[in-house]
Amino acid sequence: MRDVRLILMARPGPACDALRAEIEACGAACLTAANPVEMRETLFREPVNGLALDVPTLVAADRIGKGIIRHLVDLYPVVRVRWDAAAGKAFALYFGKTEGELGGLGTFVARDCAVFRARKLRSEARIAASLPALLCRGPAFDAASASKTVVVDVSLSGCFLYCVEPWEAGERATFVLPDVAGAAPIAGVVRRVVPWGDPYSMPGIGVRFDEMPQERAEAIVAFAREAAANRIVVSPQDEP
């Protein structure tokens with residue numbers, strides 16, 4: 001297994017020390033951050049292959065911290081972890097999956113992080129958009145089975161698509177933006193799922209793009225920015 005680096009978000013203390021030791025025992029180097037803001041600042045400087053989020057630290061995060069986490073889940077392999085002092089062991093689970101479906105930290109490191117190219121967090125804008133899209137489940141695009149949806153926001157590395165159908169984190173997704181010139185299929189992996197019915201949340205999936213030429217990602221973001229700038233907002237009194 002090639003060199004793997006994780007960042008563990010956990011408040012300082014015995015649980016943080018124990019979780020770090022568990023990660024290192026899986027063969028990965030481990031950086032630590034005490035909260036989401038500190039983790040984001042570390043990611044601007046340090047390339048990593050994945051994130052491990054201590055559940056109590058995650059629950060204690062404020063609104064800004066939880067917003068940071070939602071963004072990072074779209075960009076990196078992520079696992080939630082908790083240290084059970086009584087049992088003397090770590091438990092791990094993906095977002096949207098039960099504890100038994102992961103297979104432990106070792107599986108996460110070997111299966112998810114080792115195949116993900118280490119990257120720093122780029123300070124990139126996330127553009128609010130309303131771009132028509134045709135979405136397919138799986139690695140190949142099939143126009144006949146595609147569902148009609150919209151891209152709600154987009155950045156150089158991923159986007160959020162509105163949908164109400166059930167998805168799982170880690171699934172493959174492929175979609176087309178018909179209004180974008182040279183609308184070739186865009187493939188990626190689902191990093192975040194917001195199910196229908198979550199209070200005050202837009203249902204849909206956060207998709208991290210597969211590696212693509214930088215100029216293509218920039219063209220998609222530029223189109224979204226131009227579409228947002230030219231959007232006509234109709235006030236109620238102007239409606240027919």
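Good morning. I begin with a space of about 440 Å³, which lies in the second largest pocket of this structure. A pocket here is an open set of points on a 1 Å grid over the protein atoms alone, where a 1.4 Å probe fits, with protein on both sides within 12 Å along at least five of seven lines. Its volume is the space filled by probe spheres set on the points, which are joined across faces, edges and corners.

The model is predicted: local features need pLDDT of at least 70, side-chain atom pairs count only at pLDDT 80 or more, and totals for chains, interfaces and linings use all residues. Residues are numbered from 1 along each chain as its sequence is written, and side-chain values use heavy atoms, with hydrogens and water left out.

Let me return to the pocket. Its lining has 22 residues, and Arg119, Arg122, Ser157, Phe209 and Glu211 lie nearest the centre; a lining residue has an atom within 4 Å of a point. By type, the lining comprises twelve nonpolar, two polar and eight charged residues. Nonpolar covers Ala, Val, Leu, Ile, Met, Phe, Trp, Tyr, Cys and Pro; charged covers Asp, Glu, Lys and Arg; the others, Gly among them, are polar. Strand 11 (204-209) and helix 6 (214-229) each contribute at least two residues to this lining.

Those elements belong to a chain with six helices and eleven strands. They are DSSP runs numbered from the N terminus, helices being H or I of at least four residues and strands E of at least two. Of the chain's 240 residues, 42% are buried, that is, under 20% relative accessible area with a 1.4 Å probe, protein chains only.

I turn now to the aromatic rings. How many aromatic pairs does a search of the whole structure find? The search finds two. Rings of Phe, Tyr and Trp (its six-membered ring) pair if their centres lie within 6.5 Å; planes under 30 degrees apart are stacked, over 60 edge-to-face, and the rest tilted.

Tyr76 and Phe116 form a tilted pair, 6.0 Å centre to centre with 55° between the planes. Tyr76 sits in the loop between helix 4 (63-73) and strand 4 (78-84), and Phe116, 40 residues apart from it, in the loop between helix 5 (105-113) and strand 6 (127-137). Both Tyr76 and Phe116 are buried.

Why is the pair of Phe175 and Phe209 tilted? Their ring centres are 6.3 Å apart and their planes stand at 40°, so the pair counts as tilted. This pair links strand 9 (residues 172-176), which holds Phe175, with strand 11, which holds Phe209. Phe175 is buried at 1% relative accessible area, and Phe209 is buried at 7%.

Notes
Buried means under 20% relative accessible area, exposed over 50%, partly exposed in between (1.4 Å probe, protein chains only).
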